[in-house]
Amino acid sequence: MSRNVPAGLAAGLLLATLLGGCASVPPPTAELDAADRAIRSADALEPRGAAQQALDEARQRLAAARDAASRKRHAEALVAAREAEAAAAVAAAEARRATLEAEVDSKAARNAELRRRLLVQGD
């Protein structure tokens, strides 16, 4: 024998379970702090261009996380805080990439200048 559970009842039980799970999420204090630290670290790299855009996004997500936390919407705050930390990591990585690219370009230009001098001296 199989039991048939009406679809509405099953959906209601699922919704109640999900909502109950949200109520039990503690305030994401550690995640908010981690996102804040990640943003400060990325900001210290003096991001420009795409890195600055990612940092701006991180700040917006952290603001949303703090707002959700203040309204006791801890599950929403947790997700936004993690997104903020991830966006800050992208900003930091992009800033480091840009710095390394600038160093490579500088060294390539220096090497080209040295080659030019060697060719002139060799004549």
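Colleague: Hi! Which way does α2 cross α4, left-handed or right-handed?

Modeller: Hello! In this predicted model, the crossing of α2 past α4 is left-handed.

Colleague: And what is the angle between α2 and α4, and how far apart are their axes?

Modeller: The packing angle is about 20 degrees, and the two axes lie 8 Å apart. That angle makes α2 roughly parallel to α4, because angles under 35 degrees count that way.

Colleague: Nice. Which residues make that contact?

Modeller: From α2 you have Glu 31, Leu 32, Ala 34, Ala 35, Ala 38, Ile 39 and Ala 42. From α4 come Leu 78, Ala 81, Arg 82, Ala 84, Glu 85, Ala 88, Ala 91 and Ala 92.

Colleague: How many of those are nonpolar, polar or charged?

Modeller: In the contact of α2 with α4, twelve are nonpolar and three are charged, with no polar residues.

Colleague: Let me step back a bit. How many helices and strands are in the chain?

Modeller: The chain has four helices and zero strands, so reading from the N terminus the order is simply α-α-α-α.

Colleague: What percentage of the residues is buried?

Modeller: Of the 123 residues in the chain, 23% are buried.

Colleague: OK, and what about contacts between residues 24 or more positions apart, what share do they take?

Modeller: Among the contacts in the chain with a separation of 6 or more, 69% join residues 24 or more positions apart.

Colleague: On to the core. How many residues does the largest nonpolar one have, and which have the most contacts inside it?

Modeller: The largest nonpolar core has 20 residues, and Leu 32, Ile 39 and Leu 62 have the most contacts inside it. At least two residues of this core come from each of α2 (29-44), α3 (50-70) and α4 (74-122).

Colleague: Which helix gives the largest share of this core?

Modeller: That would be α4, with eight residues.

Colleague: You mentioned Leu 32. What does Leu 32 touch?

Modeller: Leaving out residues up to four places away in sequence, Leu 32 touches Leu 62, Ala 65, Arg 66, Ala 69 and Ala 81.

Colleague: Switching to the loops: where is Leu 45?

Modeller: Leu 45 sits in the loop between α2 and α3. Leu 45 is partly exposed, at a relative accessible area of 32%.

Colleague: And which residues does Leu 45 touch, skipping those up to four places away in sequence?

Modeller: Leu 45 touches Ala 92, Ala 95 and Arg 96. Take Arg 96: Leu 45 is 51 residues from Arg 96 in sequence, yet their C-alpha atoms are 7.4 Å apart in space.

Colleague: Which phi does Glu 46 have, positive or negative?

Modeller: Glu 46 has a positive phi of about 50 degrees, although Glu 46 is not a glycine. Glu 46 is in the loop between α2 and α3, and its 54% relative accessibility counts as exposed.

Colleague: What about Lys 72, what is its phi?

Modeller: Lys 72 has a positive phi of about 65 degrees, and Lys 72 is not a glycine. Lys 72 is located in the loop between α3 and α4. With 64% relative accessibility, Lys 72 counts as exposed.

Colleague: Last one: is His 74 buried or exposed?

Modeller: His 74 counts as buried, because its relative accessibility is 13% and the cut-off for buried is under 20%. His 74 lies in helix α4. Setting aside neighbours within four places in sequence, His 74 is in contact with Val 25, Pro 26, Pro 27, Pro 28 and Ala 69.

Colleague: Great, thanks!

Terms used
Residues are numbered from 1 along each chain as its sequence is written. This is a predicted model: local features need pLDDT of at least 70, side-chain atom pairs count only at pLDDT 80 or more; totals for chains, interfaces and linings use all residues. Side-chain values use heavy atoms; hydrogens and water are left out. A nonpolar core is a set of buried Ala, Val, Leu, Ile, Met, Phe, Trp, Tyr and Cys residues joined through side-chain atoms within 4.5 Å. Buried means under 20% relative accessible area, exposed over 50%, partly exposed in between (1.4 Å probe, protein chains only). Contact means heavy atoms within 4.5 Å. Axes are lines fitted to C-alpha atoms, for helices over the stretch in contact, and angles run from 0 to 180 degrees between N-to-C directions. Angles under 35 degrees count as roughly parallel, over 145 as roughly antiparallel, 65 to 115 as roughly perpendicular and the rest as oblique. A crossing is left-handed if the near helix is turned anticlockwise from the far one by less than a right angle, and right-handed if clockwise. Ala, Val, Leu, Ile, Met, Phe, Trp, Tyr, Cys and Pro count as nonpolar, Asp, Glu, Lys and Arg as charged, and the others, Gly among them, as polar.
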